Amino acid sequence: MAVGTIQKSVLTDIANAIRVQNGGTDTYLPSEMAAAVLALDGTKAGTPFQAVAGTGTGVISDAVFDGIADAIRAQNGLSETYRPSEMAPAILALSWDVGVKMRAILLADGTLEFNYRDGRSSDVPGAVILDAWEVDPAGYSSANARPWHDVRLDVTRVVFDSDFSQGGLEDASYLFNGFQSLVTVSGFEELSGISSFNQTFSSCGCLETIYASGFVAAEGLDGSLTFYGCDRLVGGQGFVPEYGDGAEFIAYGEEGVLTDPAADTREWLSCHLYADGELVFTLDDEPEAGRALCMSGRMCATARYRAIAARAWNDAEVGVLKATFAEDLSSLDFVNLSYWFYGDGELSEVVGLSNLSAVREMRYTFAGCDGLVTLDLSGFPTAELEDVFYCFSGCGSLTTIWADADWALPAGCTGSGAFYGCAALVGGAGTTYSSSRISATYMRIDGVGGAGYLTAKSS
């Protein structure tokens with residue numbers, strides 16, 4: 001351990017600087033100075049004692065100054081090196097974010113936490129604060145105006161603490177515009193009473209959930225393109241916003257994007273796309289051991305998805321060749337399959353559809369799956385089907401759809417264009433495709449009740 005001589009006045013200056021910053025009268029041994037610097041938080045206790053600089057020199061270990069320099073860097077976040085004579089000025093230059101105000105606090109785990117309190121702090125256990133910004137009570141007129149704009153791609157979770165509503169935020173527009181990695185928002189009830197939500201969540205393509213316990217909408221709630229591009233956002237009862245939907249859908253129920261944690265009816269399943277092109281749907285969030293994996297994600301089984309961008313595998317590098325529904329999915333109450341395989345042109349095999357207990361919507365489910373030649377729907381649950389709009393549209397190679405002999409759609413099931421463009425399709429009794437026969441009416445066993453495109457599968 002290296003030692004050296006140092007002017008006593010340098011140590012006195014460092015001690016005086018510490019006392020200026022904490023307002024104290026304590027004296028410090030050299031070995032205590034690093035800890036004293038780390039303890040500084042901007043709080044001044046009173047009138048600081050200022051010692052008179054002594055004369056002469058002393059012998060001090062380099063480790064003492066290394067520790068003080070480390071403490072200064074921990075406080076100011078810089079990577080500067082400091083000579084002993086530069087340490088007192090560096091300590092005097094330290095500043096802290098103090099006072100009661102609304103803050104956005106970035107944590108090391110990807111959380112952006114909003115609160116209203118005196119000084120920087122977090123309610124997240126074990127949180128490491130990376131940065132913080134004051135929130136303007138008037139809100140922001142653009143995404144670029146937010147002080148946290150540069151970290152928009154780093155945030156995966158937003159949390160509003162229970163004190164945030166006391167800060168008086170007037171406008172919530174653009175708060176999270178372009179947060180492309182954001183998945184979950186919690187504590188949204190803290191924005192109750194705010195009336196403006198222009199583009200608040202616009203282009204948050206990974207956002208799945210906005211949790212709110214008791215959100216109360218302001219009179220005159222307004223905001224355009226609030227949920228533009230939020231294709232994966234699912235409300236507590238399965239509602240999914242459309243591209244142009246605005247603030248009127250900041251609500252609970254069948255027409256709202258909010259999820260009450262105490263009344264969340266959504267059901268989720270995992271999807272694992274393997275390198276060989278098989279896409280497996282299961283309740284097991286762990287992929288199969290020993291198989292090369294392309295990606296894993298999840299889908300809300302009960303969501304009423306409205307676009308192919310909602311699919312967890314939409315940007316996968318491997319094309320889907322085979323889709324498998326695992327047996328464990330039978331425990332789900334029901335599934336909506338709208339848009340699930342839209343445009344998967346290489347898909348040629350689908351197995352396990354009979355493992356679903358109920359299916360309600362199949363809008364565009366297999367649209368554009370030109371690789372499908374045959375499809376087996378035997379055992380498929382039809383009793384709760386409501387919508388098959390353009391379900392098989394563009395399946396130009398599809399020749400045969402197998403189904404149980406007693407297949408029947410329930411009364412009220414609709415679906416114009418269900419077979420649009422299925423030019424190669426032939427029913428079991430020989431009915432060939434016609435552009436005048438493309439609705440859900442023809443989703444029946446050919447020859448049973450009239451012309452149809454399904455073929456009875458013998459037992």
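1. The second largest pocket of this predicted model has a volume of about 320 Å³. Sixteen is the number of residues that line the second largest pocket, and Gln237, Thr302, Arg304, Phe334 and Arg360 are the closest to its centre. By class, eight of these lining residues are charged, six are polar and two are nonpolar. A pocket here is an open set of points on a 1 Å grid over the protein atoms alone, where a 1.4 Å probe fits, with protein on both sides within 12 Å along at least five of seven lines, and its lining residues have an atom within 4 Å of a point. Grid points are joined across faces, edges and corners, and the volume is the space filled by probe spheres set on the points. Ala, Val, Leu, Ile, Met, Phe, Trp, Tyr, Cys and Pro count as nonpolar, Asp, Glu, Lys and Arg as charged, and the others, Gly among them, as polar.

2. On the basis of the model: it is predicted, so that local features need pLDDT of at least 70 and side-chain atom pairs count only at pLDDT 80 or more, while totals for chains, interfaces and linings use all residues. Residues are numbered from 1 along each chain as its sequence is written, and side-chain values use heavy atoms, with hydrogens and water left out.

3. The largest pocket holds about 430 Å³ of space. Its lining is made up of 15 residues, among which Ala74, Gln75, Ser95, Trp96 and Arg120 lie nearest the centre. Helix 3 (62–76) and strand 5 (129–134) are the elements that give two or more residues to this lining, and helix 3 gives the most, with three residues. The lining of the largest pocket has six nonpolar, five polar and four charged residues. Helices (H or I, at least four residues) and strands (E, at least two) are DSSP runs, numbered from the N terminus.

4. Which span should the 15 residues of helix 1 (residues 8–22) have? At 1.5 Å a residue, taken times one less than the number of residues, helix 1 should span 21 Å, and its end C-alpha atoms are 22 Å apart, which agrees. Helix 1 is mostly covered, since eleven of its 15 residues are buried, including Leu11, Ile14, Ile18 and also Arg19. Buried means under 20% relative accessible area, exposed over 50% and partly exposed in between, with a 1.4 Å probe and protein chains only. Just after helix 1, Gly23 takes a positive phi of about 65°.

5. Strand 6 (residues 157–160) pairs with strand 4 (residues 111–118) in the parallel sense over four bridges, with Val158 as the bridge partner of Leu112. Strand 6 also runs parallel to strand 7 (residues 184–186), to which three bridges join it, and there Val159 stands opposite Ser186. Two strands pair if DSSP finds at least two bridges between them.

6. Ser61 lies in strand 2 (residues 57–61) and counts as buried at 14% relative accessibility. Ser61 and Pro30 are 31 residues apart in sequence, yet 9.4 Å apart in space, C-alpha to C-alpha.

7. How many disulfides does the model have? The count comes to zero, where a disulfide is a pair of cysteine sulfur atoms within 2.5 Å. The sulfur of Cys230 has its closest cysteine sulfur in Cys204, at 5.1 Å, which is too far for a bond, and Cys230 counts as buried because its relative accessibility is 1%. For Cys413 the closest cysteine sulfur, in Cys391, is 9.4 Å away, again too far for a bond, and Cys413 counts as buried at 14% relative accessibility.
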